[in-house]
Amino acid sequence: MKNRLISLPLFVVISLLLSSSVSKAQQLDASWDLPAEKQIVQRIGDDVQDFEIGLGVGFATPLKIGYGIKFDAEARYNIVGTPWDLGLQYSALGVSSPKYGVKLNSGAMYSAHVDYNWRNWNNIAPFAGLGAGYYNGEYLNPSNALGHDGITVKASNAFISFRGGCEFWDHLRITAEYRLLFGGTPSVLSISVGWAFFGGHKK
């Protein structure tokens, strides 16, 4: 009888401890069991990689009187937790117009860019940016090439870039860009489609 009286309080204490630990475990499990939409909200801006590489190709025109193609490759640094990214780009350009006798080629265009990204939707992220760079190439424009009628002009000039577009599904990028070239070189309007490797959700 005496043993039973001693064991009864021990049983009650052990039962209380077990129920407390089970309750804590249930609370912990419940805290991890988030709705899908809340998980997406928490994920935005948290899983973007620091660096990404973008490759693109598109249509280009100098002052709407010629047409051609533009290739570009860009390394971007994503400032995690912010809407900003910084990029360094190499691009090549080839434009001609038999009708107007306009030609514009670049051996290389080097530029630095800064972009601001909006994350209004889960799979669509508009962006806008500014850049500055250096153009090395040649152009031929018989109508207004600073008096160099019919002569190919070598050019090494600076330019300013204004660009904007959208990134879909964290990787597919569509970009419209206007490059204001100095020193008499025709400015260029382009639209391109590219793919970002290693990127991810930007904030």
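Over the ring of which residue does the charged end of arginine 173 sit? I looked this up at the outset: the ring belongs to phenylalanine 127, and the charged end of arginine 173 is 4.2 Å from its centre. The criterion I applied is NZ of Lys or CZ of Arg within 6 Å of the ring centre and within 35 degrees of the ring normal.

**Basis of the entries**

I note that this is a predicted model, in which local features need pLDDT of at least 70 and side-chain atom pairs count only at pLDDT 80 or more, while totals for chains, interfaces and linings use all residues. Residues are numbered from 1 along each chain as its sequence is written, and side-chain values use heavy atoms, with hydrogens and water left out.

**The chain as a whole**

I found two helices and eight strands in the protein chain; helices (H or I, at least four residues) and strands (E, at least two) are DSSP runs numbered from the N terminus. Their order from the N terminus is α-α-β-β-β-β-β-β-β-β. Of the 203 residues, 35% are buried, where buried means under 20% relative accessible area, exposed over 50% and partly exposed in between (1.4 Å probe, protein chains only). I then looked up contacts, defined as heavy atoms within 4.5 Å. Among those with a separation of 6 or more, 56% involve residues 24 or more positions apart.

**Glutamate 177**

Which side chain does a polar contact of 2.5 Å join to that of glutamate 177? It is the side chain of serine 161. For a polar contact I required a pair of N or O atoms within 3.5 Å; within protein, one must be able to donate a hydrogen and the other to accept it, and residues adjacent in sequence count only if both atoms are side-chain atoms.

**Salt bridges**

I searched the whole structure and found nine salt bridges, each a side-chain nitrogen of Lys or Arg within 4 Å of a carboxyl oxygen of Asp or Glu. Glutamate 177 forms one with lysine 70, with the closest N and O atoms 3.5 Å apart. Lysine 70 lies in strand S2 (residues 67-78) and glutamate 177 in strand S7, so this pair ties together parts 107 residues apart in sequence. Lysine 70 counts as buried because its relative accessibility is 5%.

Glutamate 177 also meets arginine 179 in a salt bridge (2.9 Å, N to O). I noted arginine 179 as buried, at 2% relative accessibility.

I recorded another salt bridge between arginine 163 and glutamate 74 (2.9 Å, N to O). Arginine 163 is in strand S6 (residues 153-168) and glutamate 74 in strand S2, so the pair links distant parts of the chain, 89 residues apart. Both arginine 163 and glutamate 74 are buried. They belong to a salt-bridge network that links Glu52, Glu74, Arg76, Asp115, Arg163, Glu167 and Arg173.

**Aromatic pairs**

My search of the whole structure gave six aromatic pairs. Rings of Phe, Tyr and Trp (its six-membered ring) pair if their centres lie within 6.5 Å; planes under 30 degrees apart count as stacked, over 60 as edge-to-face and the rest as tilted. Tyrosine 116 and tryptophan 118 are edge-to-face, 5.0 Å centre to centre with 65° between the planes. Ring pairs link Trp84, Tyr116 and Trp118 into a cluster.
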